[in-house]
Amino acid sequence: MDRAALTASAAGLAGLLVSPGPDLVWLTGYRPTAMTERLTLLVLPVAGDPVLVVPKLECADAVKAPGAPSLDLRDWTDGVDPYGLVSPLVDAAGTFGVSDSTWALHLLALQGELPRAGFRALTEALPMLRAVKDEAELARLTAAGAAADATFEEIKKVAFAGRREADVAADLDRLLREFGHEQVDFTVVGSGPNGADPHHEADDRVIQHGDTVVLDFGGLMYGYGSDTTRTVQVGDPGEEVRRVHAVVREAQQAGFEAVRPGAACQDVDRAARRVIEDAGYGEYFIHRTGHGIGTTTHEPPYMIEGEQQELVPGMCFSIEPGVYLPGRFGVRIEDIVTVTQNGGVRLNNTDHGLTVVG
């Protein structure tokens, strides 16, 4: 919270207003058991003590949060205007960063209570606030990555041919939880032509012998994210599948080798994209090369053309180039990488080769 207040001050903000969501968890460790219309708000001024405004019926849980000893808790009961509790705590003419997850209901009420104040989305005002991880955060991300790797090693052993995509997705969900995830966010299983849709939702399609299958899965473990993608082949792959997979593998390696302190985020994208373009598949690489990861599986920084934010040791993000041939198949390889003093380190370490499954 101290670091966030200093960062906010340097950006010309009067403070931060943070509702339940990943920013509140990151700052205080508090995750309300229920998301309701009752206002819960962390008021973090650049000068002064942080205050958590919380419904009285939620106060017993709030005081158990890791950050609670550093907070002034102000509870309120039904029938009291909670927004009126906020105005005395802030500079009524200041500009505040507001967490992206804040409901319109609450933001509009705060605007009414503070008509001279300005409000900016936190991701726009302080995009790098959560981007650089400390040692404890890196340890959690490393554990989550290892659990995702263990999941892939096990999923390779299950039957693919003759089963629905949804069945394999259920296996991924089960395995992630068995290896320690408390939350599973996605289990993409894109077989055959469905693999050409990067965010395909596993459905009732029966996986066939000869299918190329994109597996993209992840979630939260100890509150921090995992996200990895591998492409497998049901039976022997054809020449074109081998060729495309080799191109994507080379592109993923090129993106990884571009990681170093001081490089721009777009340099990672350019390095990976150049390999795919040179191989003649540029029009089929249809998304950014990567995204940050932390208390959410997608957050800044983003590895995309035009993003000139410099890489800093402690940043963590995905490198996930892909080629998607409509109506035929797709290939993607994804690792989470952290920036070190000398380059980068992968948090996913399963084989990048084209794995053949049954």
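## Pockets

On a 1 Å grid over the protein atoms alone, a pocket is an open set of points with protein on both sides within 12 Å along at least five of seven lines, a cavity is a set where a 1.4 Å probe fits but cannot get out, and lining residues have an atom within 4 Å of a point. Grid points are joined across faces, edges and corners, and a volume is the space filled by probe spheres set on the points. This is a predicted model, in which local features need pLDDT of at least 70 and side-chain atom pairs count only at pLDDT 80 or more, while totals for chains, interfaces and linings use all residues. Residues are numbered from 1 along each chain as its sequence is written, and side-chain values use heavy atoms, with hydrogens and water left out.

The largest pocket has a volume of about 410 Å³. Its lining consists of 18 residues, and V25, W26, L27, E137 and Y224 lie nearest the centre. Helices (H or I, at least four residues) and strands (E, at least two) are DSSP runs, numbered from the N terminus. At least two lining residues of the largest pocket come from each of α1 (2–10), α2 (22–28) and α7 (135–155), and α2 gives the largest share, 4 residues. Sorted by class, this lining has 9 nonpolar, 4 polar and 5 charged residues; Ala, Val, Leu, Ile, Met, Phe, Trp, Tyr, Cys and Pro count as nonpolar, Asp, Glu, Lys and Arg as charged, and the others, Gly among them, as polar.

The second largest pocket has a volume of about 270 Å³. It is lined by 16 residues, with H199, D216, H291, H298 and E320 nearest its centre. Two or more of the lining residues are supplied by each of β7 (183–191) and β11 (290–292). The classes here are 4 nonpolar, 6 polar and 6 charged.

## Cavities

Rolling a probe the size of a water molecule over the atoms shows where empty space is left. The structure holds 2 cavities of 30 Å³ or more. The largest cavity contains about 140 Å³ of space. Of its 14 lining residues, P20, M35, T36, R38 and T40 are the closest to the centre. The lining of the largest cavity is made up of 7 nonpolar, 5 polar and 2 charged residues.

The volume of the second largest cavity is about 30 Å³. Its lining is formed by L141, G145, G225, S226, I336, L347 and N348. Of these residues, 3 are nonpolar, 4 are polar and none is charged.

## Overall form

The protein has 10 helices and 18 strands. Its radius of gyration, taken over C-alpha atoms, is 23 Å, close to the 21 Å that the globule rule (2.2 Å times the number of residues to the power 0.38) gives for 358 residues, so the protein is as compact as a globular protein of that length. Along the principal axes, the C-alpha atoms fill a box of roughly 70 × 40 × 35 Å.

Of the 358 residues, 54% are buried, where buried means under 20% relative accessible area, exposed over 50% and partly exposed in between (1.4 Å probe, protein chains only). Contact means heavy atoms within 4.5 Å. Among contacts with a separation of 6 or more, 66% join residues 24 or more positions apart.

R230 belongs to strand β10 (residues 228–234). With a relative accessible area of 2%, R230 is buried. Beyond its neighbours within four places in sequence, R230 is in contact with a set of residues including F152, V213, R332, E334, N348 and T350. The R230 side chain makes a polar contact with the side chain of T350 at 3.0 Å. A polar contact is a pair of N or O atoms within 3.5 Å; within protein, one must be able to donate a hydrogen and the other to accept it, and residues adjacent in sequence count only if both atoms are side-chain atoms.

E299 is in strand β12 (residues 299–303) and is buried at 2% relative accessibility. Its side chain makes polar contacts with the side chains of R130 (2.6 Å) and K133 (2.9 Å). Leaving out residues up to four places away in sequence, E299 touches R130, K133, H291, G292, I293 and G294. E299 and T123 are 176 residues apart along the chain, with their C-alpha atoms separated by 8.6 Å.

## E307

E307 lies in the loop between β12 and β13 (316–319). Its relative accessible area is 27%, so E307 is partly exposed. Not counting residues up to four places away in sequence, E307 touches A264, C265, Q266 and Y302. E307 and D269 are 38 residues apart in sequence and 9.5 Å apart in space, C-alpha to C-alpha.
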